Amino acid sequence: MTDQPAASPRSARRKPRRGKRVLWIVLLSVAGLIVAAGGAGWWMYSSLNGNISSVDLDQALGDDRPKKVVAGAQNVLVLGSDSRAGANADLDHGDVSGARSDTTMLVHIPEGRAKATAISIPRDTLVTRPACKGDDGKTVPEQKRAMFNSIYSTGGPACVVKTVESMSGVRVDHFVEVDFAGFKGLVDALGGVTVTLDKPMSGEKGGLKLDAGTHRLNGTDSLKFVRTRYGYGDGSDLGRIGLQQQFMMAMLSEVKKQDALGNPARLYKLADAGTKSLTTDSDLASLTALSDFAQSMKGVDPDTMETVMLPVAYDKVDRNRVIVAEPQATQLWEALRADQKIPASAKKSPATGG
């Protein structure tokens, strides 16, 4: 499957913002760290708080949104963006302008918050992008058969949220985004992440070259790992989703194994790297809000997190693209809206890549 070129550079947004389940864990004890630090606490708080950027979803989306069905459940849209601006330009494909949503997961935390499910949306999925308000405040018209990863560059994160809500009927409670440089910094702050491959990566088309077996990856190689496509498996975007899900679980396990929350110096290093990479909705756009949200998520064990790919089928017009598969997708979204277990039938994807 081929990548679609980005349309426009990422617009400046209001500070603060950005993250993922990894960051919820890392930021869980930041408040305690600040209190323990005494006089230095205010400097640390201000420094970390100033790292974050935000998007006001309520203002951008208005009232035309799905209603929340189960009050205690939470749905968090997590984006990994491939902006080539600033520090990101040195990491990968620096000659490409603009930004796209390279990775998209809708993380569902059920009422009771004991387990989470991450729904990956393939970047090459053709969807109907609803009319939405772009980063510049102007209306972006509806477009049918828009490639999912192009929506970010066309209308910004609020437009991605509106598209996901439109296609799923699921209310997105929070938005979190991590970019190239921030992802690399977070992995390096951890001292690397360990992954195990059951078959080798060939390194084709600039991807990471690894033998089968266990490897300790630094930030740069971790970024190549989650972006590897042509040199592993069937070379499809669907196969890459499996690598991304595998790495996410390995990263969460690394945070847990290191007991990062029990080491104030390590915690601050991780929090600094994480918040520098972080864009969130305005409700999460402060260290206090992130810490409170992380506290409410502490019952979610990374080892029990379920990862599911949105069921897709190959497009009949362009086999390099996929479309949402029915009735599987409807069954999946209905389960999320009702905070019910996703049926096995809703996880079967007609597109067999990956």
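## Strand E9 and its partners

Val 178 stands opposite Leu 278 in strand E14. Strands (E, at least two residues) and helices (H or I, at least four residues) are DSSP runs, numbered from the N terminus. E14 covers residues 278–281 and pairs with E9 in the antiparallel sense over three bridges; pairing requires that DSSP finds at least two bridges between two strands. Strand E2 (residues 74–81) also pairs with E9, here in the parallel sense and over six bridges, and Leu 79 has Glu 177 in E9 as its bridge partner.

How many residues of E9 are buried? Six of the six in 174–179 are, where buried means under 20% relative accessible area (1.4 Å probe, protein chains only). His 174, Val 176 and Val 178 are covered on one side, and Phe 175, Glu 177 and Asp 179 on the other.

## About the model

This is a predicted model, in which local features need pLDDT of at least 70, side-chain atom pairs count only at pLDDT 80 or more, and totals for chains, interfaces and linings use all residues. Residues are numbered from 1 along each chain as its sequence is written, and side-chain values use heavy atoms, with hydrogens and water left out.

## A four-stranded open sheet

Another topic is the open sheet with the order E8-E5-E17-E16 and mixed pairing. Strands E8 (143–147) and E16 (312–314) are at its edges with a single partner strand each, so one side of each has no neighbour in the sheet. On average, neighbouring strands here are turned by 40° against each other, direction ignored; axes are lines fitted to C-alpha atoms, for helices over the stretch in contact, and angles run from 0 to 180 degrees between N-to-C directions.

Strand E5 (residues 125–129) pairs with E17 (residues 322–324) in the parallel sense over two bridges, with Ile 323 in E17 as the bridge partner of Leu 126. Helix H6 (residues 157–168) lies across E5 and E17 and runs at about 95° to E5, contact meaning heavy atoms within 4.5 Å.

Definitions and conventions. Buried means under 20% relative accessible area, exposed over 50%, partly exposed in between (1.4 Å probe, protein chains only).
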